[in-house]
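Please keep the sequence and the structure in view while reading the numbered points.

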Amino acid sequence: MSTIQDVAKLAGVSTATVSRALNGYEHVSPGVFDKVMKAVGQLGYEPNQMAKSLRTLKTKRIIVTVPNIANAFFANIIRGVEEAAQAAGYTVLLGDVGFRGDSEDAYAGLLRRKEADGMIFLGHTLPASLQGLIARQGAAAPVVNGCEFSDDLGVSSVHIDNARAAQDVMDYLYGLGHRHIGIITGDMGSPISRDRLQGVHDSANAHGHDGQLQVVNGDYSIESGADMAARLIALTPRPSAIFCFSDDMAFGALHAIRSAGLACPADMSIIGFDDVRLARFGTPALTTVRQPMRDIGRKTVELLIGIMDEGVTERVNITLGHELIVRESTSAPRS
C-alpha cells in the first residue's frame with residue numbers, strides 16, 4: 001500500500017502540502033494540486049478514512065512557547081509559524097514563557113489535556129511535564145523544537161549549523177587581519193551558545209590564534225552586550241573586533257564603544273548574529289549572520305503537521321542555510 005509520504009516524494013512536495021491538497025485547503029496553487037493528484041493516481045493512494053474521521057475530532061490548535069517575545073529574532077520565527085499554521089487550517093496559541101519552566105509546563109498541560117493538538121517550543125529545554133510523553137511515544141509525540149537542536153531533546157527540530165556559522169564569522173575576521181578578537185557568548189546553558197563557541201575555537205585553532213581569544217558570557221540581551229563589551233574594551237591588549245552571539249548584544253556593544261569614545265569600525269569592529277530587521281538600519285549598519293527566521297517557523301509547523309495529520313513517527317532534524325551579511329560595522333584593524 002502506498003503512503004502519503006510516497007505521494008509527497010513522487011510529487012516533489014512536503015507531506016503537509018499533500019494533506020492540504022487532499023483536504024481542499026486554500027493556498028495550494030493549481031500547479032502543485034495537479035502534481036499531487038497525478039502522484040495519487042499513479043500510486044493508487046487511498047487515504048485511511050477511519051483515521052481521517054478520528055483526526056477530525058482535533059482542536060486544530062497548536063501551542064508555541066517562546067523565551068522572549070520582545071526579541072525580534074523570535075518575533076520573526078513566530079510570523080513564519082502563523083503563516084504556515086493558518087495555511088494548514090490551524091490556529092496558534094502563543095506563550096511568552098521567559099526562562100520559567102513552570103510557565104512552559106503550564107502551556108504543555110494544554111497538550112496533555114487534549115486542549116491543543118501539538119506544541120512547538122523555541123527554548124532549549126523540554127518542558128518537564130512532557131518528558132514522560134516523549135519517553136513513551138518518541139518522535140511520534142506531537143512536539144517539535146525550533147532553533148535549539150540537541151540530540152538529548154529526542155524530538156524533531158529545525159535549526160541552522162551554528163558551529164559552521166560562527167566559524168564563518170571568525171574566518172572572515174581573520175581574513176581582515178584581526179588577531180585579538182573578543183567574544184560575547186549567549187547563555188552557555190543553551191546548545192546554540194555552545195555550538196557557536198565551538199565554531200569560534202575551531203576557526204581560531206585553524207588560524208593559530210586560539211590563545212588570543214577573549215571570551216565573556218552574556219545572556220543575549222542588549223544590556224549584557226553593553227556590559228560585556230565594556231569589560232572587553234578595558235582589557236590590555238584591547239580586542240580589535242568583537243563577535244556577539246546575537247544582534248541585540250551587538251547593539252549593546254555598539255553603545256559601549258561610543259560611550260568609551262571609540263568609533264566602529266575604525267577602532268573596533270562589531271559582528272552580530274541573526275540579521276534582525278534593525279541590523280541594516282543602525283549606525284553603522286551591522287555585519288551579522290542571517291538566519292532564515294521565517295523559514296524556521298514554517299518548517300517547524302510542517303514537521304508538526306506531519307506528526308499530527310500524517311502519522312510521521314521518525315525524528316526529522318532539518319538544518320537550514322545561513323549567510324554572512326557584511327555591512328559597515330567591520331573593517332580591517334588599524335596597523
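**Note on the predicted model**

1. Arg327 is placed in the segment after strand 12 (323-325). Strands (E, at least two residues) and helices (H or I, at least four) are DSSP runs, numbered from the N terminus. The model is a predicted one, in which local features need pLDDT of at least 70 and side-chain atom pairs count only at pLDDT 80 or more, while totals for chains, interfaces and linings use all residues. Residues are numbered from 1 along each chain as its sequence is written, and side-chain values use heavy atoms, with hydrogens and water left out.

2. Is Arg327 buried or exposed? Arg327 has a relative accessible area of 17% and is therefore buried. Buried means under 20% relative accessible area, exposed means over 50%, and partly exposed lies in between (1.4 Å probe, protein chains only).

3. The surroundings of Arg327 may be considered next. A polar atom of the Arg327 side chain lies 2.9 Å from the backbone oxygen of Leu286. Arg327 also touches several residues, among them Asp275, Ala279, Arg280 and Thr288, when residues up to four places away in sequence are not counted. Contact here means heavy atoms within 4.5 Å.

4. Strand 5 (residues 156-160) is mostly covered, since 5 of its 5 residues are buried. Ser156, Val158 and Ile160 point one way from strand 5, whereas Ser157 and His159 point the other way.

5. Which strands pair with strand 5? Strand 4 (residues 143-146) runs parallel to strand 5 and is joined to it by 3 bridges. Strand 11 (residues 317-320) also pairs with strand 5 in the parallel sense, over 4 bridges. Two strands pair if DSSP finds at least two bridges between them. Gly146 stands opposite Val158 of strand 5, and Asn317 in strand 11 is the bridge partner of Ser157.

6. The protein chain as a whole has 12 helices and 12 strands. Its C-alpha trace spans about 70 × 40 × 35 Å along its principal axes. Of the 335 residues in the protein chain, 52% are buried. Among contacts between residues at least 6 apart in sequence, 73% join residues at least 24 apart.

7. The protein chain exposes about 15,000 Å², of which carbon and sulfur atoms supply 51%. Accessible areas come from the Shrake-Rupley method with a 1.4 Å probe; for residues, only the protein chains shown count as cover.

Technical notes:
Polar contact = N/O pair within 3.5 Å; in protein donor to acceptor, adjacent residues only side chain to side chain.
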